[in-house]
Amino acid sequence: MKFGIFYELQLPRPWAEGGELELYHNALDQLELADRLGYDYAWEVEHHFLEEYSHSPAPEVFLAAASQRTRQIRLAHGIMQLTTVHPARVAERIAALDLVSRGRVEFGMGESASVTELEPFGCNYEEKRAVWEDAVRAVIPMFRDGGCEYHGKYFDFPLRNVVPKPLQKPHPPLWVACSQLDTIEMAGCRGIGALAFQFLSADAAFAWVHAYYNAYTKRLDKLTDYVTNPNIAIVSYFMCAETDAEARRRADGVPFFQFALRFYGQSAMRERPKPGTVNLWDEYEKWKRANPEALARALSGGLIGSPETLRRKLRRFETSHIDQVILLNQAGKNTHADICESLELFAREVMPEFHANIPAHDAWKRQVLAGNITLEELDTQPFRDRYGPNSVQLPPQAAE
């Protein structure tokens, strides 16, 4: 399998002068290191107004800066919100980034997850899937040579030639965020790469990989004329250290990530507190003191541990035929030094074994896509819990 790194650009309070400057440049240093170490992808999110959880509203700027400090790593939008920006601006930004990176862009797309982000841009939450689909139909033709026009329900675009054009022809690889597990099957039907959060077990991964590839091979229904990208990637919490205990000690930001994710995602339709009225880090510290056993459980999941522990976990997931694992260790107040050491140790002692197995995986996938291997239609109903019992749990009132 291949490996990526993942950035929300988290910045818990208290905020010091120059904190965002340090955050951005540390992340760019980490990405440059990952490129030298042989990581395959760097994924950057787009979020708006989510204090402390994500200070990354302009991923195209961050990835453009990264493109000038790296040579091989793929630069991936994970994701660009198609609901909050006009398709022509999306096409322009993707093409420009593809040119400055010399053809290393991965075009991840999504809808956004809550009214906190959507409402200021005039997007109705109930319509966000339909808006996303309309945007996909509008943006893809803009990558082709010559002019195009589009007349859909949400976007109406007169005949224009959207320039520049991307270096990758006819367009960079397409991905879609799968924040809910059942959208993995939707991604397969659309022929688009699936970006999902970590599965709770190897059995769950096995079932959802089957569902994805069966949807792709048996029920393909593209939104428009584009090159398909049959791939499934999962984001996993991550910290690698010499011992399991040391990895858990260094990964304190991981439960904060889960805490903030639940805070912003627990009720998509409610308006969040007014800016500056909630200190998420302080609330997280209170939760930690009150829930020591839950904290320990939260640190037991994902890819947090020694190289041997991580090899053991990844071997189980490798049998499910996941294409890529995306490692998340820029979280909470995890330190720059610990993140860099984690990336280096994993690249040296874990990654080579799984990189060596990429040709065998690719051969399996070619057989599946050609119809020479038929995958069983498995029931995914038992595997629809995104978080699991070991994740940070918040009572409803804690997210109000």
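**Entry 1: helix 6.** How many of the eight residues of helix 6 (residues 183–190) are buried? I noted before answering that this is a predicted model, in which local features need pLDDT of at least 70, side-chain atom pairs count only at pLDDT 80 or more, and totals for chains, interfaces and linings use all residues. Residues are numbered from 1 along each chain as its sequence is written, and side-chain values use heavy atoms, with hydrogens and water left out.

Seven of the eight are buried, and helix 6 is mostly covered. I used buried for under 20% relative accessible area, exposed for over 50% and partly exposed for in between (1.4 Å probe, protein chains only). Helices (H or I, at least four residues) and strands (E, at least two) are DSSP runs, numbered from the N terminus. The buried residues are Thr183, Ile184, Met186, Ala187, Gly188, Cys189 and Arg190. I then looked up what they pack against: helix 5 (128–139), strand 8 (174–178), strand 9 (193–197), helix 7 (202–218) and strand 10 (232–240). Contact here means heavy atoms within 4.5 Å.

**Entry 2: the largest pocket.** I found about 850 Å³ of space in the largest pocket. Its lining has 40 residues, and His47, Ala113, Ala177, Ser179 and Arg386 lie nearest the centre. Helix 5, strand 8, helix 6, strand 9 and helix 9 (253–265) are the elements that give two or more residues to this lining. A pocket is an open set of points on a 1 Å grid over the protein atoms alone, where a 1.4 Å probe fits, with protein on both sides within 12 Å along at least five of seven lines; lining residues have an atom within 4 Å of a point. The volume is the space filled by probe spheres set on the points, which are joined across faces, edges and corners.

**Entry 3: a surface patch.** I looked up a nonpolar patch and got Leu99, Val100 and Leu167, with about 250 Å² of accessible area together. Nonpolar patch residues have over 30% relative accessible area and no salt bridge, and their side chains are joined within 5 Å. Areas come from the Shrake-Rupley method with a 1.4 Å probe. Leu167 sits in the loop between strand 7 (156–160) and strand 8. Leu167 counts as partly exposed because its relative accessibility is 47%.

**Entry 4: salt bridges.** I searched the whole structure and got 28 salt bridges, each a side-chain nitrogen of Lys or Arg within 4 Å of a carboxyl oxygen of Asp or Glu.

Arg69 pairs with Asp29, with the closest N and O atoms 2.3 Å apart. Arg69 is in the loop between helix 2 (59–67) and strand 3 (74–77), and Asp29 is in helix 1 (residues 19–37), 40 residues apart. Arg69 is partly exposed at 28%, and Asp29 is partly exposed at 34%.

Arg250 forms a salt bridge with Asp338 at 3.6 Å between the closest N and O atoms. Arg250 is in helix 8 (residues 244–250) and Asp338 in helix 13 (residues 336–349), so this pair ties together parts 88 residues apart in sequence. Arg250 is buried at 17%, and Asp338 is buried at 13%.

Lys365 and Asp323 meet at 2.9 Å, N to O. Lys365 lies in helix 15 (residues 358–369) and Asp323 in the loop between helix 12 (307–318) and strand 12 (324–330), so parts 42 residues apart in sequence are tied together. Lys365 is buried at 11%, and Asp323 is buried at 4%.

Methods
Patches are made of residues with over 30% relative accessible area and no salt bridge: like charges are joined within 9 Å, nonpolar side chains (Val, Leu, Ile, Met, Phe, Trp, Tyr) within 5 Å.
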